[in-house]
Amino acid sequence: MVAFQLTIDCADPEVQARFWADALRYRLEDAPDGFPTWREYWLSIGVPEEELGDGDCCDSIVDPAGDGPRIWFQRVPEGKVVKNRLHLDVKVGGDRAEVPLETRRERVEAEAGRLVAAGASRLRVLAEPGVDHYGVVMRDPEGNEFCVV
């Protein structure tokens, strides 16, 4: 296995980091040793103040258990203009072989509601008669699509 991080282009890294930390039950990554904030770290390595935005400049999240990849939210000047070519599935429904469809639907709807309260928006439901699947397509605060399944 090769170590990797997931990098997501965005306009406001701190907003995205806070939303996705909540959505994935990750935590904001601590600033590197010796730096009380990410802002101070970024300034120390030469990132210009005008590129940092406001706040402490926390732009990455990590899995508290250490199992999942680090996710870094990278500020880019251009906005999102087309559908994502890659998206995240937030898996909360449970295993199809062990959890009935109705229970999975209830779990997905509960999580979708929680994420709406955190800043996401609903796009559409993924459900067809006779298909043992239920999901909700959503958008994060910057309009990036993801699914709750």
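Trp20 touches Arg25, Ile61, Phe73, Leu88, Val90, Asp140 and Phe146, leaving aside residues up to four places away in sequence; a contact means heavy atoms within 4.5 Å. This is a predicted model, in which local features need pLDDT of at least 70 and side-chain atom pairs count only at pLDDT 80 or more, while totals for chains, interfaces and linings use all residues. Residues are numbered from 1 along each chain as its sequence is written, and side-chain values use heavy atoms, with hydrogens and water left out.

**Nonpolar cores**
- The largest nonpolar core has 22 residues, and Trp20, Ile61, Phe73, Leu115, Met138 and Phe146 have the most contacts inside it.
- Such a core is a set of buried Ala, Val, Leu, Ile, Met, Phe, Trp, Tyr and Cys residues joined through side-chain atoms within 4.5 Å.
- Helix H1 gives the most to this core, with five residues.
- Apart from this core lies another, of six residues, among them Trp42, Leu52, Cys57 and Cys58.

**Helix H3**
- Helix H3 (residues 101-117) has 17 residues and reaches 24 Å from its first C-alpha to its last, close to the 24 Å expected at 1.5 Å a residue; the expected span is 1.5 Å times one less than the number of residues.
- Helices (H or I, at least four residues) and strands (E, at least two) are DSSP runs, numbered from the N terminus.
- Which residues of H3 are buried? They are Arg104, Val108, Glu111, Ala112 and Leu115, and they lie on the same side of H3 because they cover an arc of only 105° around the axis, taken from the directions from the helix axis to the C-beta atoms.
- On the other side of H3, Ala110 and Ala117 are exposed (buried is under 20% relative accessible area, exposed over 50%, partly exposed in between, with a 1.4 Å probe and protein chains only).
- H3 is followed by Gly119, whose phi is positive, near 125°.

- Arg25, in the loop between H1 and strand S2 (27-28), has a positive phi of about 60° although it is not a glycine.
- Cys57 is not a glycine either, yet has a positive phi of about 70°; this residue is buried, with a relative accessible area of 7%.
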